Amino acid sequence: GNYFRNINGFGLGITQFYSIGSFESNDDLIGGAFDNGILANQSGYWSQKVSTDGGWTQMDYEDPTIAYVADYDRILKSTSFSFSNAINNAYAGGVLGRKFNIDPVNHKRLWFGNTDLYMYDPSNQTSDHWVKETDFFSTPSAAPYQSTVGSIGVAASNNNRIFLTYN
């Protein structure tokens, strides 16, 4: 008949998500919502985990307890829905609305694009574990003027082969 069945769980108001990620091992969800923070659905109940501007979300494909979520100027690493670890990135100004990818070969490595391409690898010996992989704007013909990386595709067969789009 004429009835409405709630399928979004309990505790979720109307919001706009940049992205929602799911874990392969269970039905839990996590998402970044503009002006509404980082939200998680655990066992059918939504709750706010971080009060911020939430953004892009990626789940670690090897470790179902790890998720990465962008907020305003940081990429946060969650362990079992606890967001105490920020992945500091001196280059990450303006993370909100930008996508990042987990490397398909090494699940501990992240790729992030802003005006250039950056790689986070905890085994890297730099102070914050980030390396600037490109220098597009020192070579003006390499990228469209004042563009930012829109999407990143890392080849699963060779993670040294990376495809970028620009906004």
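**Strand pairing and salt bridges in a predicted model**

Strand β3 (residues 37-42) pairs with β4 in the antiparallel sense, over five bridges. Two strands count as paired if DSSP finds at least two bridges between them. Strands (E, at least two residues) are DSSP runs, numbered from the N terminus. Within this pairing, Ile38 stands opposite Val50 in β4.

The structure is a predicted model, in which local features need pLDDT of at least 70, side-chain atom pairs count only at pLDDT 80 or more, and totals for chains, interfaces and linings use all residues. Residues are numbered from 1 along each chain as its sequence is written, and side-chain values use heavy atoms, with hydrogens and water left out.

Confidence is expressed as pLDDT (the predictor's confidence in each residue, from 0 to 100). The mean pLDDT of the protein is 80. A value of 70 or more is reached by 81% of the residues. Confidence is highest in strand β9 (residues 100-102), at a mean of 89. It is lowest in strand β8 (residues 82-87), at 75.

Strands β3 and β4 belong to an open sheet of four strands, in the order β1-β2-β3-β4. The pairing is antiparallel. The edge strands, β1 (17-22) and β4 (45-50), each pair on one side only. From one strand to the next, the twist averages 25 degrees (axes are lines fitted to C-alpha atoms, and angles run from 0 to 180 degrees between N-to-C directions).

Side chains of opposite charge can pair when their charged atoms come close. A salt bridge is a side-chain nitrogen of Lys or Arg within 4 Å of a carboxyl oxygen of Asp or Glu. The whole structure holds three salt bridges.

Arg109 takes part in a salt bridge with Asp103 (3.8 Å, N to O). Both residues are buried (under 20% relative accessible area, with exposed over 50% and partly exposed in between; 1.4 Å probe, protein chains only). Arg109 also forms a salt bridge with Asp121, with the closest N and O atoms 3.1 Å apart. This pair links distant parts of the chain, 12 residues apart. Arg109 lies in the loop between β9 and β10 (110-113), and Asp121 in the loop between β11 (117-120) and β12 (130-132). The relative accessible area of Arg109 is 16%. Asp121 is buried at 7%.

Asp116 and Lys132 meet in a salt bridge as well (3.6 Å, N to O). Asp116 lies in the loop between β10 and β11 and Lys132 in strand β12, so the pair ties together parts that are 16 residues apart in sequence. Asp116 is buried, at 3% relative accessibility, whereas Lys132 is partly exposed, at 35%. Shared partners join Asp103, Arg109 and Asp121 into one salt-bridge network.
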